[in-house]
Amino acid sequence: MFTGIVEETGEIVARERTDDGLRLRIGADEVATGLEHGQSISISGACLTVEEFRDGEWFEVFLATETVARTYLGDLETGETVNLERAMPADGRFDGHVVQGHVDAVATVTDIESVDEDWFFEFDLPESYERYVVEKGSITLDGISLTVADVDEERGRVTVAIIPTTYDLTTLAEKEPGDPVHLEVDVLSKYVERLLEARFD
């Protein structure tokens, strides 16, 4: 489990296509320090497993065909950056919200507006996902725990407010309208939906 608090950004330093998927080598400092084989890391919101690493320099993860199909990670080239977060320890501080690292879908940046020191990002949600999003609720975009500022249900769009720290320390600073982002809706909303369906079926 993750919290959506990005520790640092990493750089894609190598990629290798295989018959079964894609292997990525990601350069990082803090996140690549003290790793263990089999450890889980959120790569821009997608939970992946460390296969190899060089302490303090890089680590490698493998993306199965399903992961490549459900994310945009397979489209990343060397030199591009990703958000990184190690799984939360059982006794760790819970600063974000419950993030599983299971990408639901790929959303699209539709508008970016700078207001004073903050930024407002608008995203086009894939069809049917707007029902899981509520104003002032939590949403995960590219592995970042964010608070929903506004929901436009008619257009299927959501707006989040980004503070300078989040803008500077994540890949959001590199995003432009038309760019993809990984979407994970609040899992609690899915549980509520399932319970209500079971009750009224």
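## Salt bridges around Arg-86

In this predicted model, Glu-30 has a relative accessible area of 44% and is therefore partly exposed. Glu-30 forms a salt bridge with Arg-86, in which the closest N and O atoms are 3.6 Å apart. The pair links distant parts of the chain, since Glu-30 lies in the loop between S2 and strand S3 (40-43) and Arg-86 in strand S6, 56 residues apart.

The side chain of Arg-86 also meets that of Glu-7 in a salt bridge, at 2.5 Å from N to O. Here too distant parts of the chain are linked, with Glu-7 in the segment before strand S1 (8-17) and Arg-86 in strand S6 (residues 81-86), 79 residues apart. Glu-7 is partly exposed, at 27% relative accessibility.

## Other charged contacts

The count of salt bridges comes to 10. One of them joins the side chains of Arg-23 and Glu-51, at 3.1 Å from N to O, and links strand S2 (residues 21-27) with strand S4 (residues 46-54) across 28 residues. Elsewhere, Glu-122, Asp-152, Arg-155 and Arg-157 are linked in a network of salt bridges, while Arg-25 lies over the face of Trp-58, at 3.7 Å from the ring centre.

## Aromatic pairs

The structure holds 4 aromatic pairs. The rings of Phe-121 and Phe-123 have centres 6.1 Å apart and planes at 20 degrees, so this pair is stacked; both residues are buried. Tyr-129 and Tyr-132 form a tilted pair, 6.2 Å centre to centre with 50 degrees between the planes, and both are buried.

Phe-121 and Phe-123 belong to one aromatic cluster with Trp-119 and Tyr-167.

Notes
Residues numbered from 1 in each chain as written. Predicted model: local features only at pLDDT ≥ 70, side-chain atom pairs only at ≥ 80, totals over all residues. Heavy atoms only, no water. Phe/Tyr/Trp six-rings, centres within 6.5 Å; stacked < 30°, edge-to-face > 60°. Buried < 20%, exposed > 50% of the residue type's maximum accessible area, 1.4 Å probe, protein only. Lys NZ or Arg CZ within 6 Å of the ring centre and 35° of its normal. Salt bridge = Lys/Arg side-chain N within 4 Å of Asp/Glu carboxyl O. Helix = DSSP H or I, 4+ residues; strand = E, 2+ residues; numbered from the N terminus.
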